Amino acid sequence: MSIIETLLEQHPIRKNKAQKQAFREWFIEEAARMGYTAQVHTKGSSNNLVVGDPESAKAVYTAHYDTPAVMPLPNFITPKNLLVYILYQMLIVVVFIAVCFGSGVLVGWLTKEPLWGSSVSMVAYFALLFLMLAGPANKNCANDNTSGVAAVMEIMARLPEAERGKVAFILFDNEEKGMLGSSAYASTHKDFKKNGLVINLDCVGDGEHMFFFANKKTRALPAYALLEEAMGSQQGCTLHMDKMEKAIYPSDQACFKLGIAVCACNKMKVVGYYVDKIHTKKDTVCEQVNLDFLANGLVDFASRL
């Protein structure tokens, strides 16, 4: 059974404390079986899994291992189309406000008590906010972000022992709660936050277009040219080495000065490249070809460092 199949069968949901703890124990055992030592770095409510020494590594491969609450509307991301992204986020806000305000108006009209209506609006607001952050777990999280975890583990499994000192791995906790895990790690590792080359894999399983978004400072690194060469030699996905200045992709790489965001996208007319279905029950796709593309390319990159 492949890594992604094992994850989806044994640890498909990693949202509450017990689910995360079970996953961490399993991961530590799997890392040991591959010849690595994994440690848990805890700060506050976040428990990050760290393999190797990020401070001395030439590159660090990361992904978040927590999974989200289920939402009535998907988290629709268009990294290359800022206008559509903003309009969609505004739509979610409008729906959010309409539900809260509408429920209050309805109750106020039925009871003839405006105060009741205001109270219901406030209750609806906080209830929806709670559901967004701590609501029922989404049972299907193949792309978000089981795909990123699987990709990291595929790299670990394929990386020759001779190359293992060059790279490190981190699985971040609590990305879905506002990147708390990566923020906590960055706050306690200031030099790494500033100088560590972080390649963050988030939603890499669904879509034949594989994007690497990097800022100007990161693109100027000698290692970035090696990354382009390594990934450019791979088959299976269409590679896009792109500028973060002209894109938007909210994930853990944002906590690090030299962070690279990696995601897989589909494409449609007008909208362009997009990530969809995440945070909904339709998040069921993680293609092995995508994992192979990333794992082989990033192992090759490590060998070039």
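1. Helix H6 (residues 180–188) has five names to look for: its buried residues are Gly181, Ser182, Ala184, Tyr185 and Ala186. Buried here means under 20% relative accessible area, exposed means over 50%, and partly exposed is in between (1.4 Å probe, protein chains only). The cover over these H6 residues includes strand E1 (38–43), strand E2 (46–51), strand E4 (167–172) and helix H7 (190–195). Helices (H or I, at least four residues) and strands (E, at least two) are DSSP runs, numbered from the N terminus.

2. A word on the source: this is a predicted model, in which local features need pLDDT of at least 70 and side-chain atom pairs count only at pLDDT 80 or more, while totals for chains, interfaces and linings use all residues. Residues are numbered from 1 along each chain as its sequence is written, and side-chain values use heavy atoms, with hydrogens and water left out.

3. For the overall picture, the chain holds ten helices and nine strands. Of its 305 residues, 52% are buried. Taking contacts (heavy atoms within 4.5 Å) with a separation of 6 or more, 81% join residues 24 or more positions apart.

4. Neighbours within four places in sequence aside, Ile199 is in contact with Val60, Tyr61, Thr62, Phe212, Leu227, Ile260, Val262, Leu298 and Phe301.

5. Next, a helix pair. The axes of H1 (residues 3–10) and H5 (residues 142–158) come within 9 Å and cross at roughly 135°; axes are lines fitted to C-alpha atoms, for helices over the stretch in contact, with angles from 0 to 180 degrees between N-to-C directions. The contact is made by Ile3, Ile4, Leu7 and Leu8 of H1 with Ala142, Thr146, Val149, Ala150, Met153 and Glu154 of H5.

6. Finally, Gly52 lies in the loop between E2 and strand E3 (59–64). Gly52 counts as partly exposed because its relative accessibility is 47%. Not counting residues up to four places away in sequence, Gly52 touches Thr37 and Ala168. The C-alpha atoms of Gly52 and Arg164 are 8.2 Å apart, although 112 residues separate the two along the chain.
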